[in-house]
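Notes follow in the order I looked things up.

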Amino acid sequence: MGTRYKIKICGIKDLATLELCVDLQVDFVGLNFSPRSPRAITPQTAEELLRIRQKSGFPKLVFLFFENDITEIKTLTERFNPDLIQLIRGDQWILPQIWNEFTETKRLLPAIRIQSKVTSDEDLEPKSDLVILDSYQKNLGGGTGHSFPWEYVTSVKRPFLLAGGINPDNVKSALETVNPYGIDVASGVETDGKKDPNKIITLVQNVRTL
C-alpha cells in the first residue's frame with residue numbers, strides 16, 4: 001500500500017466516518033470547532049467521537065479553529081489534547097500570543113490561504129514543521145470546495161498539505177502537478193453536505209496508487 005502522500009480528512013462529525021478513517025489508516029483527522037463552518041461540532045460530540053481514540057493506529061488528531069474565542073481554544077485543547085491545532089493565518093480573533101505558544105510547542109498547524117504565487121518558503125511559517133496551503137474565500141477559514149491555481153505553489157519546497165477543492169476525481173492530477181507532502185480534504189469527500197464513505201474510500205485508493 002502506497003504511503004508516499006499523507007492524507008488528512010477534515011470536518012468529521014460522526015463516529016462512522018471517524019472509524020472509517022481509522023480503518024483506512026489515513027494520517028490526520030480533523031475536528032472543526034469554527035462557528036463559521038457547517039462542519040462545526042460541539043465539545044459533547046467531540047467527546048463521543050474521541051472515545052475510540054485509543055483504538056490501534058489512530059491518526060494524528062487535528063482541532064480546527066477559526067473565529068473562536070481564545071478561552072474556548074485553550075479549554076478544548078487542554079481537555080482533549082489534540083496532536084495539532086489548526087489556526088488560520090489572518091483570523092482576526094487569534095492573538096499573537098496563542099499563535100506563538102502553539103508554534104513553540106510544535107503543535108501549530110497553520111493554514112495559509114493562497115491568493116498569489118508563493119515566491120519564498122520564508123513566507124510560509126518556517127517555524128512550523130508542516131503547513132496547509134488553501135484557497136481564499138472571504139470570511140471563511142477553509143472547506144469551501146474552491147481550489148486555487150496550483151501553479152501558485154509549484155515552487156514550494158517545504159512540507160505542506162494541499163487543500164482547496166481536492167476530490168477523488170482530481171486528486172491524482174493535483175498530486176502530480178504540485179507534489180505536496182499530502183492533501184487536506186473536507187467538502188471533496190461529501191455528498192449533500194455529509195461525509196460520503198464511498199468518496200473517502202475512492203480518494204484514499206487514488207492517492208495510494210501513486
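Predicted model: local features only at pLDDT ≥ 70, side-chain atom pairs only at ≥ 80, totals over all residues.

**Entry 1: two phenylalanines.** I checked Phe33 and Phe65, and both are buried (buried is under 20% relative accessible area, exposed over 50%, partly exposed in between, with a 1.4 Å probe and protein chains only).

Residues are numbered from 1 along each chain as its sequence is written, and side-chain values use heavy atoms, with hydrogens and water left out.

**Entry 2: ring pairs.** I looked for aromatic pairs and got 4 of them (rings of Phe, Tyr and Trp, the last by its six-membered ring, pair if their centres lie within 6.5 Å; planes under 30 degrees apart are stacked, over 60 edge-to-face, the rest tilted). Phe33 and Phe65 make a stacked pair, 5.6 Å centre to centre with 20 degrees between the planes. This pair links distant parts of the chain, 32 residues apart: Phe33 sits in the loop between strand E2 (28-32) and helix H2 (43-49), and Phe65 in strand E3 (residues 60-65). Helices (H or I, at least four residues) and strands (E, at least two) are DSSP runs numbered from the N terminus. Ring pairs also tie Phe33, Phe63, Phe65 and Phe80 into a cluster.

**Entry 3: H1 and H6.** Next I took helix H1 (residues 15-24) and helix H6 (residues 197-208), whose axes come within 11 Å and cross at roughly 20 degrees. Axes are lines fitted to C-alpha atoms, for helices over the stretch in contact, and angles run from 0 to 180 degrees between N-to-C directions. That angle makes H1 roughly parallel to H6 (under 35 degrees is roughly parallel, over 145 roughly antiparallel, 65 to 115 roughly perpendicular, the rest oblique). Thr17, Leu20 and Leu24 of H1 make the contact with Pro197, Ile200, Ile201, Val204 and Arg208 of H6 (contact means heavy atoms within 4.5 Å).

**Entry 4: H3 and H4.** What angle do helix H3 (residues 70-80) and helix H4 (residues 96-104) cross at? I noted roughly 25 degrees, with the axes coming within 11 Å. So H3 is roughly parallel to H4. On the H3 side I listed Ile70, Ile73, Lys74 and Thr77, and on the H4 side Ile98, Glu101 and Phe102.

**Entry 5: H5 and H6.** Last, helix H5 (residues 171-178) packs with H6 at about 35 degrees, axes 9 Å apart. Here Val171, Lys172 and Leu175 in H5 meet Leu203, Asn206 and Val207 in H6.
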